[in-house]
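Here is a quick tour of a ligand site and a couple of helix pairs. Have the viewer open while you read.

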Amino acid sequence: MLGATVARLLEDVSLYRIFVGSRLRSQMQYRESFLVMLVLGFVGLTTEFLAIILLFNRFDTLIGWSVGEVAFLYGLASISFGMAELFGAGFDNFPETIRRAEFDRVLLRPQSAFVQVLSGDFQLRRLGRILQGTMALGFAFAWTSVAWSPQKLAYLPVVVLCGMVLYIGFFVLGATLCFWTVDSVEVANIITYGGTEFASYPLPIYHVLMQRFFTFVVPLAFVSYFPSLYLLGRPEASDWPQWLLVASPLAAAALFALVAWLAWGFGVKHYRSTGS
Amino acid sequence: MAIITVDSLRKSFWVNQRRAGFAGAVRGLVSRTGHEVVAVDDISFEIAAGEMVGYIGPNGAGKSTTIKVLTGILVPSSGQVTVAGLVPWEQRRTLAGKIGAVFGQRTQLWWDLPLIESLTLLQHVYGVPSDRFNANLSYFREILELDGFLDTPVRQLSLGQRMRGDLVAALLHEPPILYLDEPTIGLDVVARARMREVLQEINRERGVTVLLTTHDMDDISQLCQRMLIIDHGKLLYDGSVEAIRERYGMERTLVVDLDGSEEIEGPLELPGMTDVQQDGPRHWLRFRRDQASAAEAITAVTSRHRIRDLTLEEPDIEGIVRRIYEGGDRL
Ligand SMILES: Nc1ncnc2c1ncn2[C@@H]1O[C@H](COP(=O)(O)OP(=O)(O)OP(=O)(O)O)[C@@H](O)[C@H]1O
Ligand SMILES: [Mg+2]
């Protein structure tokens, strides 16, 4: 039983690589357009980052957070979200898949529907956001005087991965809604894209209702604000036990992934295809 | 031995009332105003291994819905179904390796990849060993004449080529069961005849069980011994194609336009023919294939009347379904 499950999982992983490989090959046929898209995406996102920096022209700090610290939050959110987009965009484009009944094709094949959708829209040009986030992190390192211990350096990618899982979880939940109604997908999009905006600023600047929403309902604060308190050595960190701050991304990602997975499985059973 | 069993299958769709705008979308999430559409209504049948069965009915009868349930794409509202001993929507992944499906309206291939690359991807998807893959590919290359377009991206293929590509894609993993949902739609006469030959060969040589929907009565009469007729989700007929042909398929209709100089009120009186419908100078004359050839029928008309134009109509599926209703008979 377990053996069979593991074998299936390995099969899925190797299939993911094959699908993504074929998508890459077909994208590489248009190398110039790929580069142009990458550069345009990068430039577009840079203005977003500039807007944050310009904010600090007028205020020295944002409720006690320096420009470097906010750049850190922004970089963290961008990389996580960028990776989620890179690896999970098939779920982001799911309304189209449903509208055109392409999910029929997915269900005809002997692989997990999840893996097939996940690998369905891999586009390298989405690297733009990750590059942009990495640049923001670079500035954050330069502008803050945080002592980066080996533990903290090792922990940083863990937080990024947990963030990625959480964002992919949003995509999956949004996609799951499409099994009932494609029209409501805008609602899910607002939470997902609004969520990255949200994660780019320190939690306390928001209204308390919003803080609670993004902590307990959509646990974004657990992969941005709370671990950043620990990583940046912010004074607020002393309000919480350290293990709680450190464990929060893992717990939030695991829980959210489970919820998204269960919802997805339930949704697939309610897929209705189209009449023509 | 039945390889497909369908017992009291029912599938209905809840169709929501659409609302405009963002607020409408939010309300659409919670409210349940709409109505139910029963696509498949209490259908039962069995198909034995090696059979080739036609599944026909007018638009919206529930054919595609039934096939989607049999593949595991849709979960039925109620009823029992087994395909190759599996419950499709519960054991979808295992079943997928045992079935092939062609949906004429929609390709299963990758739109922007050359056909051959789509096929190689499918080899990995279905885990087909290389020697089997190569043997099957060369078999289909020959009978489907794929060589001219194997390296062409699918989006550039003609409809007939694409359909052949889709058929190969459905059969590369040697499934014992093949579903075909309108595999001849949009094909010209030559391509259609070729497709039929291939289907016949696959069914005969490889013993593949085939369930086929089509709107073309000729597909059915040339390919199938047995057919199922459904309408409004209900099974009207399950039996031999021959019996239907004898009963309704014998009836052809000669549509004639009388010359303007002939002023005739009411139906024409002609031996062996019934004038079933009139519209101005146009008359629909029904006659039986076993009593008169088309040539004899035409002579019978032209010897008595001056006509300007004529066409010969073969019985189509819609016509047969209509006649079943008219006769009030559930066969
Ligand atoms: N996803 C869906 N949502 C709502 N209604 C649907 C859906 N799929 C099918 N229907 C409805 O169910 C009925 C049967 O549709 P189906 O596609 O099975 O017909 P069909 O026999 O294949 O027709 P056609 O010959 O036109 O392909 C139709 O009334 C159709 O509108
Ligand atoms: Mg159909």
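In this predicted model, an oxygen atom of ligand 1 sits 3.1 Å from a polar backbone atom of Ala61(B).

| Residue | Part of the residue | Distance to an oxygen atom of ligand 1 |
|---|---|---|
| Ala61(B) | polar backbone atom | 3.1 Å |
| Lys63(B) | N or O atom in the side chain | 2.7 Å |
| Ser64(B) | polar side-chain atom | 2.7 Å |

How much of ligand 1 does the protein cover? On its own the ligand has 630 Å² of accessible area, and the protein covers 80% of that. Two elements give two or more residues each to the shell: β2 (34-48) and α2 (63-71), both of chain B. The biggest giver is α2(B), with 3 residues.

Zooming out a bit, there are 17 residues around ligand 1, and those that come nearest are Arg272(A), Gly60(B), Lys63(B), Ser64(B) and Thr65(B). Since residues from chains A and B surround the ligand, the site is shared between chains. Sorted by class, the shell has 9 polar, 5 nonpolar and 3 charged residues.

Now for the helices. Two packed helices are described by the angle between their axes and the distance between the axes.

Start with α8 (residues 150-177) and α12 (residues 242-268), both of chain A: their axes come within 8 Å and cross at roughly 25°. Angles under 35 degrees count as roughly parallel, and that makes α8(A) roughly parallel to α12(A). The crossing in which α8(A) passes α12(A) is left-handed. What kinds of residues make up the contact of α8(A) with α12(A)? They divide into 23 nonpolar and 3 polar, with no charged residues.

The other pair is also in chain A, where α3 (residues 67-92) packs with α11 (residues 225-232) at an angle of about 130°, the axes being 11 Å apart. So α3(A) and α11(A) are oblique to each other, and their crossing is right-handed.

Note on methods
Residues are numbered from 1 along each chain as its sequence is written. Chains are lettered from A and ligands numbered from 1 in the order in which they are written. This is a predicted model: local features need pLDDT of at least 70, side-chain atom pairs count only at pLDDT 80 or more; totals for chains, interfaces and linings use all residues. Side-chain values use heavy atoms; hydrogens and water are left out. Axes are lines fitted to C-alpha atoms, for helices over the stretch in contact, and angles run from 0 to 180 degrees between N-to-C directions. Helices (H or I, at least four residues) and strands (E, at least two) are DSSP runs, numbered from the N terminus. Angles under 35 degrees count as roughly parallel, over 145 as roughly antiparallel, 65 to 115 as roughly perpendicular and the rest as oblique. A crossing is left-handed if the near helix is turned anticlockwise from the far one by less than a right angle, and right-handed if clockwise. Ala, Val, Leu, Ile, Met, Phe, Trp, Tyr, Cys and Pro count as nonpolar, Asp, Glu, Lys and Arg as charged, and the others, Gly among them, as polar. A residue is near a molecule or strand if one of its heavy atoms lies within 4 Å of it. A polar contact is a pair of N or O atoms within 3.5 Å; within protein, one must be able to donate a hydrogen and the other to accept it, and residues adjacent in sequence count only if both atoms are side-chain atoms. Accessible areas come from the Shrake-Rupley method with a 1.4 Å probe; for residues, only the protein chains shown count as cover.
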